[in-house]
Amino acid sequence: MTDTQQTSSALPADRSVAGDSFLQIRNLKMHFPVTEGAIVQRVIAQVKAVDGISFDLLKGETLGLVGESGCGKTTVGRCILQLERVTEGEIVFDGQDLTQLTQKELVPVREKIQVIFQDPYSSLNPRMKIGDMLEEPMKVHGIITDAAKRKERMRELLSVCGLDPKFADRYPHEMSGGQRQRVGIARALALDPEFIICDEAVSALDVSIQAQVINLLEDLREKFDLTYLFIAHDLSVVRHISNRVAVMYLGNLVELADGDELFNNPTHPYTRALLDAVPIPDPVVEEDREHKVIKGEVPSPMNPPSGCVFHPRCPLAVDSCRTSVPEFRELTSGHRVACTEV
Amino acid sequence: MAAIDQTIDIGDLQKPWYARLFEMVRHQPLGSAGALVVLLMVLATIFANFISPYDPEAASWKHQLSPPDANFWLGTDAFGRDILTRIIFGARTALFVGFTAAFVGATSGLVLGVASAYFGGRFDIIVQRLVDIVMAFPLIVLALAVVATLGAGTVNVIIAITIPFIPQCARVVRSSALAIREIPYVDAARALGFGHFRIIMRHMVPNVMAPYLIMLTTFVGQAILLEASLSYLGMGVQEPTPAWGLMLQGGAEEFAESAPWVPIFPGLAITLAVFGFNLFGDALRDVLDPRLRSR
């Protein structure tokens with residue numbers, strides 16, 4: 001299969017937005033091979049989960065990454081965490097390309113980049129006590145060698161995350177979903193990181209708990225000077241927490257802008273359709289609204305469309321969309337869009 | 001910040017022990033019977049010296065092949081040794097060989113299976129093909145081959161029984177571990193920069209304990225049978241150590257008609273022990289991991 005996807009590599013840094021560039025992602029590709037055969041394995045196809053995306057993350061910001069299920073947003077997070085070996089591209093953090101580091105060289109980097117997972121039930125080891133779970137990373141990284149001090153810090157982490165330090169002796173199954181998610185957050189903070197990837201961190205929680213956890217995340221950002229990559233599919237949550245928002249579709253970034261700009265002035269036809277699908281909590285207004293549903297289904301990432309990946313479903317598509325990949329161009333300062341027709 | 005929820009009700013765990021025991025017997029009558037046999041064997045093993053009426057190796061020419069009576073409840077063998085005593089001490093041999101082989105085999109298989117699932121890729125393929133090779137041999141044939149190479153004797157029997165268990169356990173544990181590997185807490189451990197050894201031993205192994213414990217109990221039963229078979233064939237435990245397979249061999253050939261008590265009681269002991277461990281293992285499986293039921 002020839003690679004027809006020529007995406008805009010080597011973007012200039014996002015000079016338009018204030019703040020230092022903190023993490024640079026350049027032309028990131030993650031293709032998962034589909035193999036056949038028990039001993040000699042042949043690659044029969046590639047799932048192009050992420051297919052050439054580039055963006056910068058700025059120090060202290062929250063970048064929302066949205067898109068529907070299966071668009072590759074979680075894979076982007078996993079690539080940054082180096083849980084996957086990327087197919088191609090660079091992930092530059094602290095002047096080092098993470099994709100080139102060995103597992104051993106990654107250890108100090110892992111202290112700085114942490115993750116909060118979606119499902120509070122499966123993200124905690126059911127056989128470990130909460131206290132041990134929080135102390136373990138400090139012990140392994142030799143951050144606090146004194147056992148009593150470590151215990152002290154573990155209690156502090158729990159209370160910072162809104163949990164009673166008594167929870168230290170409990171097992172995950174003795175806690176509620178919201179409490180577990182707070183433990184997940186405390187564990188991410190245990191190594192005093194600079195950057196946290198929130199992979200659908202509130203999606204699995206009740207709405208009331210969601211609000212609490214979002215407020216907690218915001219408080220922690222202030223307190224510990226954190227930078228977030230906030231991966232989510234719930235647009236209202238993303239709007240609330242993010243400074244900037246990136247929209248993904250089928251392994252590609254289609255639009256990236258400041259939060260308000262993106263929500264008030266969406267330009268890419270996919271972003272518009274996505275925002276259009278959000279219901280307005282007012283039955284009178286909602287009744288008069290015209291929902292434009294995008295036609296068709298999301299194509300398979302195993303065989304994405306040529307040219308612009310959105311062209312088969314796009315209301316604005318012209319002939320050239322079928323063949324040429326749109327540049328991720330800057331529309332106005334800090335507002336990038338991968339579309340030639342807007 | 002949010003208020004802290006009240007402690008959840010632990011329910012069942014707060015009932016007194018006899019109520020829970022009663023409930024267990026009601027829900028798992030066969031399993032409880034199996035547990036009883038296991039318990040009896042363990043007790044026989046521990047207290048063999050105190051409960052057995054005679055010395056297991058003391059021959060008495062006066063009482064050769066005497067039928068079961070008030071002095072010798074299960075009769076005596078061709079050397080005049082008390083069969084009841086030798087069955088009690090035989091439980092010690094059976095349990096020692098069975099448990100050691102099962103424990104070493106299942107535990108090696110556990111680590112190998114989890115490592116195979118964790119590392120994946122080429123390592124996984126190589127380990128799994130090796131497992132296929134070893135598993136292609138019937139249990140008894142492989143054990144016989146090992147004993148034939150190493151020679152008879154208790155330690156060699158344990159080794160011979162252990163080797164076929166490793167791939168069996170590795171295969172079953174791997175399938176559970178493959179699922180565990182995809183669970184986010186393993187990713188979290190990797191993101192926290194933990195080493196492979198720590199992730200395998202602290203985060204994955206404790207979560208595949210259910211299939212491991214089930215395999216372990218089943219293996220004890222199998223190992224007892226295998227040890228008896230090897231001893232019966234003269235390739236296992238050697239005289240004068242009391243072992244059920246050995247007693248069966250001595251009795252079955254010469255005295256099957258003239259002194260049937262010599263082979264019958266050790267045979268019954270083997271049957272009961274294996275049956276007990278299997279029932280216990282099945283019940284444990286139902287309780288710990290209902291998904292494995294169809295296996």
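1. Two residues are in contact here if their C-beta atoms, placed from the backbone, lie within 7 Å. By that criterion, 21 residues of chain B are in contact with 30 residues of chain A. This is a predicted model, in which local features need pLDDT of at least 70, side-chain atom pairs count only at pLDDT 80 or more, and totals for chains, interfaces and linings use all residues. Residues are numbered from 1 along each chain as its sequence is written, while chains are lettered from A and ligands numbered from 1 in the order in which they are written.

2. Helices (H or I, at least four residues) and strands (E, at least two) are DSSP runs, numbered from the N terminus. Helix 7 of chain B gives the most to this side, with six residues. By class, the side of chain B that touches chain A has 13 nonpolar, three polar and five charged residues. In this count Ala, Val, Leu, Ile, Met, Phe, Trp, Tyr, Cys and Pro are nonpolar, Asp, Glu, Lys and Arg are charged, and the others, Gly among them, are polar.

3. Arg127(A) sits in the loop between strand 6 (113–116) and helix 3 (130–140) of chain A. It counts as partly exposed because it has 16 C-beta neighbours inside 10 Å; the class lies between buried (20 or more other C-beta atoms within 10 Å of the residue's own) and exposed (12 or fewer), with C-beta atoms placed from the backbone. From Leu83(A), Arg127(A) is 44 residues away in sequence and 23 Å away in space, C-alpha to C-alpha.

4. Confidence in chain A should be read by region. Its mean pLDDT (the predictor's confidence in each residue, from 0 to 100) is 87, and 94% of its residues reach 70 or more. Over residues 1–18 of chain A the pLDDT is below 50, although this stretch has 29 contacts in the model beyond near neighbours in sequence. Where pLDDT is low, the predicted coordinates should not be read in detail.

5. Chain A has eleven helices and twelve strands. Its radius of gyration, taken over C-alpha atoms, is 21 Å, close to the 20 Å that the globule rule gives for 342 residues, so chain A is as compact as a globular protein of that length. The rule is 2.2 Å times the number of residues to the power 0.38. Buried residues make up 42% of chain A.

6. Chain B has eleven helices and zero strands. Its C-alpha atoms fill a box of roughly 85 × 50 × 30 Å, taken along the principal axes. Buried residues make up 45% of its 295 residues. Among contacts in chain B between residues at least 6 apart in sequence, 70% join residues at least 24 apart.

7. Within chain B, the axes of helix 3 (residues 83–119) and helix 11 (residues 261–288) come within 11 Å and cross at roughly 35 degrees. Axes are lines fitted to C-alpha atoms, for helices over the stretch in contact, and angles run from 0 to 180 degrees between N-to-C directions. The contact of helix 3 with helix 11 of chain B has nine nonpolar, one polar and no charged residues.
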